Amino acid sequence: MADYYTGKKEYFPKIGKIKYEGPRSANPLAFKYYNPEKLVGKKKMKDHLRFAVAYWHSFCADGTDPFGSVTHPHPWVTDGKTPMDIAEHRMDAAFEFFTKLGVGFYCFHDRDMAPEGSSPAESEKNLFTMVARAKKLQKATGIKLLWGTANLFSNPRYMNGAATNPEFDVLAIAANQVKSAIDATIELGGQGYTFWGGREGYMTLLNTDLKREKDHIGRFLGLARDYARKQGFKGIFYVEPKPMEPTKHQYDYDVETVALFLKNYGLEKDFRVNIEANHAELAGHDFFHELETAAALGIFGSVDANRGDFINGWDTDQFPWSYYETALAMYAILKAGGLSAGGLNFDAKIRRNSVDPADLFIAHIGGMDAFAAGLEIANRVIKDGVIPGFVKKRYGSFSTGSGAKFEKGQLSFTDLAKLGGEKYGKAGITSGRQEYLESVFNQYLLGL
Ligand code: XUL
Ligand code: CO
């Protein structure tokens, strides 16, 4: 085995390094579209896509669902003697997986990486023991941390929220936990730090002081940011919108809601959004909409790459699959200037009945291929210029003459009304050409 492997056991012994074999390959353990070194425009595919694996779904989740017990008895768990022993083996398995798959990044919650202890000091000690191991493995493999985060939702103490908990003591305990998670992220050179408001919302307004809860989380995020900056953290903070689940209503509902929240609490300079496809759908939007909205508001940051199910209305966290979705997503991302310090994090889990150890690889390969194909399609859409050109032309009347004056704020409302009086006639009867644009997009999708 390669020298990155510090444990005694190889966890995926039947699987070697995943290679690119091209679109006609019948090998499920090969990339069909993701060719990391291939140039797309001016950048390599791997630099456009910045794939990350989510520690929690891939190495902690065990197939359990509300109706049934474990179907993925991971060897790092079944062979482990103590919680820390399990954590160490889990980490070895994770880095073996990242390396064989060929991703550049991973993301983790504090509690994915190290078990909670019986005191804050013990939890911190556990976390930093694991951080030291992760640091060595990162150095040996070249794999980087995209972002770190704290799990502020699993422990029963967070049942009424963390930073929005009605009890101050819980908020303070959450701060203690976030401080360690930020320190861990800094120690591992994390490029970002994410806040997903798992239970930051309400179950009923009858017991909730909505204004106070929002003020509390606004202040909490500001204090956490100030602490991290003081410790030298240069990365990006993310809020990950989600409208509901596990709460009935989550405060970081969608991108537009988060944008206003960030402004209200003075967080807009340091925070961006981490957009998850399935969360967008739960909010009644599509993924494309959330990405375009974030770009328009100047807060696009990173992506949790997964998908829901159009029939089921919950967070199914499936691996990306639809080229329509990935192509539209990559179109929005390229137009927004690319991922820069963000990435495509597979916040996705294999199905309960996907019990073959190869399934975890196949799921990620499929997701990476879907985004690689999406990137190529989006790049063609932009390069060819028909669709972006159409949009540009559609707003052409605002680029010259009175329209341009209006955009620059050089017309009063009376000027505007006067012009309106003169322009009366055929204005407005112009085709939006949706069906034409959809069929053009289909042509790119099929590469014709
Ligand atoms: C939950 C979710 C989280 C965040 C990180 O729906 O998406 O896993 O991505 O806390
Ligand atoms: Co997520």
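A: One begins with the terms: a pocket is an open set of grid points with protein on both sides, whereas a cavity is a set of points where a 1.4 Å probe fits but cannot get out. The model shown here is predicted. Its second largest pocket has a volume of about 610 Å³.

Q: Which residues lie nearest the centre of the second largest pocket?

A: They are Phe288, Leu328, Tyr331, Ile387 and Leu437, out of 19 lining residues. Helices H11 (287-297), H12 (323-335), H14 (386-394) and H17 (434-445) each give two or more residues to this lining. H14 provides the largest share, 6 residues. By class, the lining comprises 11 nonpolar, 3 polar and 5 charged residues.

Q: Which domains contribute at least three residues each to the lining of the second largest pocket?

A: Domain 1 (19-384) and domain 2 (388-446) each do so.

Q: How many cavities of 30 Å³ or more does the structure hold?

A: There are 3. The largest cavity has a volume of about 220 Å³, and among its 19 lining residues Phe195, Trp196, Gly197, Glu200 and Ile217 are closest to the centre. Strand E8 (192-195), helix H8 (210-230) and helix H9 (255-264) each supply at least two residues of that lining, which divides into 14 nonpolar, 3 polar and 2 charged residues.

Key: Residues numbered from 1 in each chain as written. Chains lettered and ligands numbered in written order. Predicted model: local features only at pLDDT ≥ 70, side-chain atom pairs only at ≥ 80, totals over all residues. Heavy atoms only, no water. 1 Å grid on protein atoms, 1.4 Å probe; cavity = no way out; pocket = protein on both sides within 12 Å on 5 of 7 lines; lining within 4 Å. Points joined across faces, edges and corners; volume = space filled by probe spheres on them. Helix = DSSP H or I, 4+ residues; strand = E, 2+ residues; numbered from the N terminus. Nonpolar A, V, L, I, M, F, W, Y, C, P; charged D, E, K, R; others polar. Domains from an automatic or database assignment.
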